[in-house]
Every structure is written in C-alpha cells, then in structure tokens.
Amino acid sequence: MTQGKILLNPGTLWAKVKQTTAQALQCGALKSIPTEFEFIEQDGVKFLVRILSNLNRKQAAKKKQDQQTANTGKEFNPFLPYEEDLFVADISDTHVCILNKFNVVDYHLLIITRAFEEQESLLTLEDFAAMWACLADFDGLVFYNGGKIAGASQRHKHLQILPFSQPEIPITPLLTAAKFQDSIATIPGLPFLHAFTTLDFGEGAEVTLLKYQTLLAAVGIEAVGNNRQSGAYNFLATREWMLIVPRFQEEFESISVNSLGFAGALLVRNAEQIQLLKDIGIMNVLKKVAWPMK
C-alpha cells in the first residue's frame, strides 16, 4: 500500500489560502454567504448555530447546475474541472486543495481527489496523507460527510477543513470524559452511536487509516464492493482526535445536519428553525438523525 507523493511544501499552505482568498473575492469567484450566529448552551455544550441570511447565490448556482445536467444528460461536477480561481495548492499526486466557493466560514477548504471517486467510498491511505499534509500547516477541524444521508451535497469525493482551533470546537468539553476500552472510546455526553479515538500529530497516514478502520468496525460500517461504505456516516478529526457517527437520516424537521452538527455547529435557514432547536434540544435533534447506542 502506497500513499503517493506529497507535493505541498511544508509551511506554505496558510499563505496560499490567504492569497487565493483575497484574489477569489476580488474576481468574484468566491461567493461568501453571510450569516448571523447565536450560541445555545445545552447538555454541557455551547452549540454554535448560524442563521443563513441570504441563500440566493447558492440557489442560483444550483439552478444553473441542474439546467446544465438536463441539457447534457450528465451530472454536473464542480470539481472536474474545479475553478482555477479557487485553486489553493497541489497537496499530493492524488489530491488538490481548493476554496469552498459558497463558504459560510472564512478559509473553508476542500481537499478533493484529482480523479473522480464517489463520496460514498471509504477514506483511503491517500486521503489521510493529504489530510495530514494540510493539518501540518493549517490547525483546524477536518470533516467528511460520508454520503447524502450524512449531509454530502456533491458526489465527487472531498474532505473539508475549517480553521477551528481545539478550544473553539463546541463539543471539546465533552471529550475529556471519554471512556476507553483499549484504543476506542465512547463519549458519555453523546447519546447516539459513535466511536472516538485519539490521534498523535504527525503520526502518519498508515497509522491513522488503521485507527479509522477500527472505529468503522466498532460502529458496524464496512467496505462493500470497490471500497464503498455499507452505511452513511460522519467523520471528524483534528490533530488530536477522530470521531465517527453513523447516520440514519439526513435532516430533522427540514433542518439539515452534516458532520459539523456533531462537532456542535449547525446551520439553519431562519428564526423559526433556531427556535425549534431551542424547544426540542439540539442533542435531541442529533439523536434523531443518528443511530441509537447499542
């Protein structure tokens, strides 16, 4: 098993991110979506809830993509080719890094495969090599929406990374109570099926891949035919830890939940939805879209 050649020069990614962001904003390639936000404290977590104030840009782009798909009979893929104005860096001979065109958070990056791979395929040694190459320069939260049910909006395989530092991730206070059995842990404050483990910064892609596979097995997800996943799930990782949450459904009461929801950050469309989160309880919403504990 080989992970391919890393092309990213150490210590260069953050400068490239800032430079590309400035240029993409200037030329109009980057379409930031403005939000308001509110913190909601529940169940020992200070959840960060963002309220979208304007989805017109993204909706217009989606309509254009759908029209292109209808005209050509071929599903539109925004990553083949990707927009040159969003290109940040070559990560490896299998992955590149680009800006998220419709970002809600500044410096939201996508780590995409050069060749098409399905978003419902399991992560590989090459994926983890690219992840660690980025995390070496960019201290953030990496996430992967494993399939449409897990919140994926594009079929082309892509990990995502946000510039969250460890103390800012809302679920961080819960992680200190992790209960380990060998190398795998559960978090008492997360009332749904999940598996958690620690990572050592720079431990290498092969070690991380083995840990990932161990977590998948712990929650009952396996490879089926050509590295496809047997079930939808959300993946989150930092330099220090990794969390996997299998998914049952994509949304609750029209509130979509992706990997960031399980980090404690959600996105809603209006004030009515934020009130619903307050009334029902955000952890209860997460329980509704994840599988129950065994």
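Mentor: Let's start with residues 189–291, where the chain is 36% helix and 26% strand and the end C-alpha atoms are 15 Å apart. Helices (H or I, at least four residues) and strands (E, at least two) are DSSP runs, numbered from the N terminus. UniProt, in an unreviewed entry, places the feature "domain: ATP adenylyltransferase C-terminal" at residues 189–291. UniProt positions are given in the numbering used here, feature names are shortened, and annotations may be inferred rather than shown by experiment.

Trainee: And what kind of model is this?

Mentor: This is a predicted model: local features need pLDDT of at least 70, side-chain atom pairs count only at pLDDT 80 or more, and totals for chains, interfaces and linings use all residues. Residues are numbered from 1 along each chain as its sequence is written, and side-chain values use heavy atoms, with hydrogens and water left out.

Trainee: Why is Asn-145 called buried?

Mentor: Buried means under 20% relative accessible area, exposed over 50%, and partly exposed in between (1.4 Å probe, protein chains only). Asn-145 has a relative accessible area of 3%, so it is buried. You'll find Asn-145 in strand S6, residues 141–146.

Trainee: What makes the link between Asn-145 and Ser-259 a polar contact?

Mentor: A polar contact is a pair of N or O atoms within 3.5 Å; within protein, one must be able to donate a hydrogen and the other to accept it, and residues adjacent in sequence count only if both atoms are side-chain atoms. The side chains of Asn-145 and Ser-259 make theirs at 2.7 Å. Leaving aside neighbours within four places in sequence, the contacts of Asn-145 include Gln-119, Gln-160, Tyr-233 and Ser-259.

Trainee: How do you know that S6 is mostly covered?

Mentor: Six of its six residues are buried. Leu-141, Phe-143 and Asn-145 point one way from S6, while Val-142, Tyr-144 and Gly-146 point the other way.

Trainee: What makes S6 and S7 a pair?

Mentor: Two strands pair if DSSP finds at least two bridges between them. Three bridges join S6 to strand S7 (residues 158–162), so these antiparallel strands pair. Five bridges join S6 to strand S13 (residues 233–237), again antiparallel. Take Val-142: its bridge partner in S7 is Ile-161, and in S13 Val-142 stands opposite Ala-237.

Trainee: Why does His-158 count as buried?

Mentor: Its relative accessibility is 6%, which is under 20%, so His-158 counts as buried. His-158 lies in strand S7, and UniProt's unreviewed entry places the feature "active site" there. Beyond neighbours within four places in sequence, His-158 is in contact with residues including Phe-79, Gln-119 and Tyr-144.

Trainee: How do you know that the buried residues of helix H7 line one face?

Mentor: In H7 (residues 271–280), Gln-273, Ile-274 and Leu-277 are buried. Seen down the axis, the buried residues of H7 fall within an arc of 100°, so they line one face of the helix. That arc is taken from the directions from the helix axis to the C-beta atoms. The face of H7 turned away from the buried side carries exposed Glu-272 and Asp-279.

Trainee: What makes Asn-270 a cap for H7?

Mentor: A side-chain oxygen of Asn-270 lies 3.2 Å from the backbone nitrogen of Glu-272, at the N-terminal end of H7. After H7 comes Gly-281, whose phi is positive, near 100°.

Trainee: What makes something a nonpolar core?

Mentor: A nonpolar core is a set of buried Ala, Val, Leu, Ile, Met, Phe, Trp, Tyr and Cys residues joined through side-chain atoms within 4.5 Å. The largest one has 50 residues, of which Leu-13, Tyr-212, Tyr-233 and Phe-235 touch the most other members. Its largest share, nine residues, comes from helix H3 (residues 125–135).

Trainee: Why is H3 described as largely enclosed?

Mentor: In H3, 10 of the 11 residues are buried, so H3 is largely enclosed by the rest of the structure.

How values were computed: Contact means heavy atoms within 4.5 Å.
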